[in-house]
Amino acid sequence: MELIFVHGALVRDGAWWWQRAADLLRERTGIRSRAVALPSCGETTPEQRAGGLNADAEALRRELDDVESAIVVGHSYGGTVIAEAGQHPAVEHLLYVSSYLPDVGQSQGAVMSGESDPVSIGDNGDGTLSVTGYDANSFGARFLQDVDEATQRQAWQRVTAQAAGAFMTPTSAAGWHGVDSTYIVCGQDRSTSLELQRFHAARATRFVELPTGHHPFISRPELVVEQIQAMVR
């Protein structure tokens with residue numbers, strides 16, 4: 001059993017975001033973790049970046065092809081990648097963190113369109129999008145208010161542009177159907193509304209609400225690891 005982490009939108013370096021949880025998970029259970037490099041975030045090649053959601057889903061499928069069994073964790077946009085990747089025999093459990101379980105035909109942009117206080121995202125004019133109007137302090141206050149300032153700065157350094165196709169491409173599959181899943185609702189999230197989280201949480205096998213911001217695997221990794229341990233007992 002391995003754990004595969006699929007990070008959220010408009011950032012890079014999934015291994016960094018997941019590292020605190022990865023270290024604790026391995027210490028407690030022996031389960032190793034890996035993070036998917038998302039082409040749409042520029043983590044592979046410039047040519048693959050333009051592939052958007054389709055390229056990201058293919059990257060996840062390649063990781064799954066490399067393991068016998070896996071827990072897949074989707075953070076935020078990562079849940080849409082899981083959906084588009086479709087059914088895979090290696091997937092034993094899914095863990096969603098402030099994420100999405102979209103139906104076939106829904107794009108990431110459509111899922112987010114009803115938010116009353118959406119994150120500001122701008123068009124770069126080159127086929128990519130970026131968060132706009134933020135600096136290290138304001139980004140930290142919105143996305144990582146429950147971690148220290150040094151970690152907030154390190155996170156800001158990993159914010160990046162992402163292919164517009166990651167947001168605009170409708171899903172052609174719903175890989176979460178029929179798979180055991182747990183959804184972590186982040187009760188103090190300032191990025192994804194509680195209403196939207198709870199709507200998608202209702203589609204999972206079970207859900208739990210934790211008193212954290214958008215990135216509990218950084219701020220409270222022990223709470224996230226507890227949920228994984230419960231799934232694999």
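Student: Which residues are in contact with serine 76, leaving aside its neighbours within four places in sequence?

Tutor: Contact means heavy atoms within 4.5 Å. In this predicted model, serine 76 is in contact with Gly8, Val97, Ser98, Ser99, Tyr100 and His214, its neighbours within four places in sequence being left aside. Serine 76 is found in the loop between β3 and α4 (78-85); helices (H or I, at least four residues) and strands (E, at least two) are DSSP runs, numbered from the N terminus.

Student: Is serine 76 buried or exposed?

Tutor: Buried means under 20% relative accessible area, exposed over 50%, and partly exposed in between, with a 1.4 Å probe and protein chains only. Serine 76 counts as buried because its relative accessibility is 11%.

Student: What should I know about the numbering and the limits of the model?

Tutor: Residues are numbered from 1 along each chain as its sequence is written, and side-chain values use heavy atoms, with hydrogens and water left out. As the model is predicted, local features need pLDDT of at least 70 and side-chain atom pairs count only at pLDDT 80 or more, whereas totals for chains, interfaces and linings use all residues.

Student: How many cavities of 30 Å³ or more does a search of the whole structure find?

Tutor: Rolling a probe the size of a water molecule over the atoms shows where empty space is left. On a 1 Å grid over the protein atoms alone, a cavity is a set of points where a 1.4 Å probe fits but cannot get out, and lining residues have an atom within 4 Å of a point. Grid points are joined across faces, edges and corners, and a volume is the space filled by probe spheres set on the points. Here the search finds two cavities of 30 Å³ or more. The largest cavity has a volume of about 300 Å³. Its lining has 23 residues, of which Ala9, Ser76, Phe143, Ser191 and His214 lie nearest its centre. The elements giving two or more residues to this lining are α5 (108-112) and α6.

Student: Which residues line the second largest cavity?

Tutor: Among them are Leu60, Ile82, Val91, Leu94 and Val179. The second largest cavity has a volume of about 90 Å³, and α3 (52-65), α4 and β4 (91-97) each supply at least two residues of its lining.

Student: Where does valine 179 lie?

Tutor: Valine 179 lies in the loop between α8 (165-168) and β8 (181-186). Valine 179 counts as buried, at 13% relative accessibility. Leaving aside neighbours within four places in sequence, the contacts of valine 179 include Gln87, His93 and Thr205.

Student: Which residues of α6 are buried?

Tutor: They are Phe139, Gly140, Arg142 and Phe143, and these buried residues pack against α7.

Student: Which residues are buried in helix α7 (residues 149-156), and where around the axis are they?

Tutor: Thr151, Gln152 and Ala155 are buried in α7. They are on the same side of α7 because they cover an arc of only 105 degrees around the axis, the arc being that of the directions from the helix axis to the C-beta atoms. What covers the buried residues of α7 includes α1 (14-29), α6 (136-143) and α10 (216-219).

Conventions
1 Å grid on protein atoms, 1.4 Å probe; cavity = no way out; pocket = protein on both sides within 12 Å on 5 of 7 lines; lining within 4 Å.
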